[in-house]
Amino acid sequence: MSTNNSSVPSDTTGEPIRGATELPAVRENIELHTDDGLTLVGELSLPESGHMAATLVTLHPLPTAGGFMDSHIIRKAAARLPALADVAVLRFNFRGVTSPRGTSEGSFGEGTLEEHDLAAAMDFVRERELPNVWLMGWSFGTEVTLKYGLRHPITGAILLSPPLHRASADEVAAWAGNERRLVAVIPELDDYLRPEEAAKRFASVPELELVAVEGGKHLWVGETQTYRVLSEVVERLNPVVLPLPRTWPPKPTTVV
């Protein structure tokens, strides 16, 4: 589905996209199967058009602090990006995590056993032959991304609010000199890692794309911050559709 409509404007304008907005997509409840014998629950959201510019595999925040596949940025990525950006979105609950979709088997693995969860998601992506795969971790999900993402065939990884609590300096440095892109989206007012400190902690990866978000906070609350985060994601996955529409259906643009 193209979001850049070059037709003449009509009298019809779309409704504003808000927090609870869910745009059209082909959505499928899925199960992932880990190599240590667990079944994880998730959802795959595909563009209705059938055209996929990229695939986003999302890794949610800390389960012991309430993180799950419905954590708002991840839920909104799945709700919007298939329609707005031709991006397929895979989201799932890490082991032991419950959401309205259901409960993934197992128990919290302290960022170590989740290695198997990421591998199960990547096995699913490969089986479905989904293209141009990116990881997007948020908070705890960035730790799993940094520790284990390089083991998989990905185009790159996006880190939202990385706390760098579990990923070691060596695991961070391993991303240097690699063809996989690494993007860190750092809130100015983060509770754990702010831009100046992030630049130091990621200095071992000179290729890193560090995006400092003025006024941003760790949880990215509010439509302004959500729009900024999703725009940064799409800038890497399918930039030709930017800027992202703020209404649905998108307001048509005039021919210049």
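In this predicted model, a polar atom of the asparagine 93 side chain lies 3.0 Å from the backbone nitrogen of methionine 69. Asparagine 93 belongs to the loop that joins strand S5 (87–92) to strand S6 (98–99). With a relative accessible area of 0%, asparagine 93 is buried. Its contacts, leaving aside neighbours within four places in sequence, are Leu40, Val41, His60, Phe68, Met69, Thr98, Ser99, Gly102 and Ser104. The C-alpha atom of aspartate 70, a residue 23 positions away along the chain, is separated from that of asparagine 93 by 8.7 Å.

Six of the six residues of S5 are buried, so the strand is largely enclosed by the rest of the structure. Burial applies to both faces: Val87, Val89 and Arg91 are on one side, and Ala88, Leu90 and Phe92 are on the other.

S5 has pairing partners of two kinds. With strand S3 (residues 39–46) the pairing is antiparallel and runs over four bridges; here arginine 91 of S5 is the bridge partner of glutamate 43. With strand S4 (residues 54–59) the pairing is parallel, again over four bridges, and valine 87 in S5 stands opposite alanine 54. Between S4 and S5 the chain passes through helix H1 (residues 72–85), forming a right-handed β-α-β crossover.

Next come the nonpolar cores. The largest has 39 residues, of which Leu32, Val57, Leu90, Phe92, Leu146, Leu182 and Phe202 touch the most other members. Helix H2 (residues 114–128) supplies the largest share of this core, six residues. Phenylalanine 92, not counting residues up to four places away in sequence, touches Leu32, Leu40, Val41, Gly42, Val57, Thr58, Leu59, His60, Met69, Asp117 and Ala121.

Some remarks on confidence close the account. The protein chain has a mean pLDDT of 94, and 94% of its residues reach 70 or more. Over residues 1–11, however, the pLDDT is below 50, and in the model this stretch has 22 contacts beyond near neighbours in sequence.

Conventions:
Residues are numbered from 1 along each chain as its sequence is written. This is a predicted model: local features need pLDDT of at least 70, side-chain atom pairs count only at pLDDT 80 or more; totals for chains, interfaces and linings use all residues. Side-chain values use heavy atoms; hydrogens and water are left out. Buried means under 20% relative accessible area, exposed over 50%, partly exposed in between (1.4 Å probe, protein chains only). Contact means heavy atoms within 4.5 Å. A polar contact is a pair of N or O atoms within 3.5 Å; within protein, one must be able to donate a hydrogen and the other to accept it, and residues adjacent in sequence count only if both atoms are side-chain atoms. pLDDT is the predictor's confidence in each residue, from 0 to 100. Two strands pair if DSSP finds at least two bridges between them. A crossover is right-handed if, with the strands pointing away from the viewer, the path from the first strand over the helix to the second runs clockwise. A nonpolar core is a set of buried Ala, Val, Leu, Ile, Met, Phe, Trp, Tyr and Cys residues joined through side-chain atoms within 4.5 Å.
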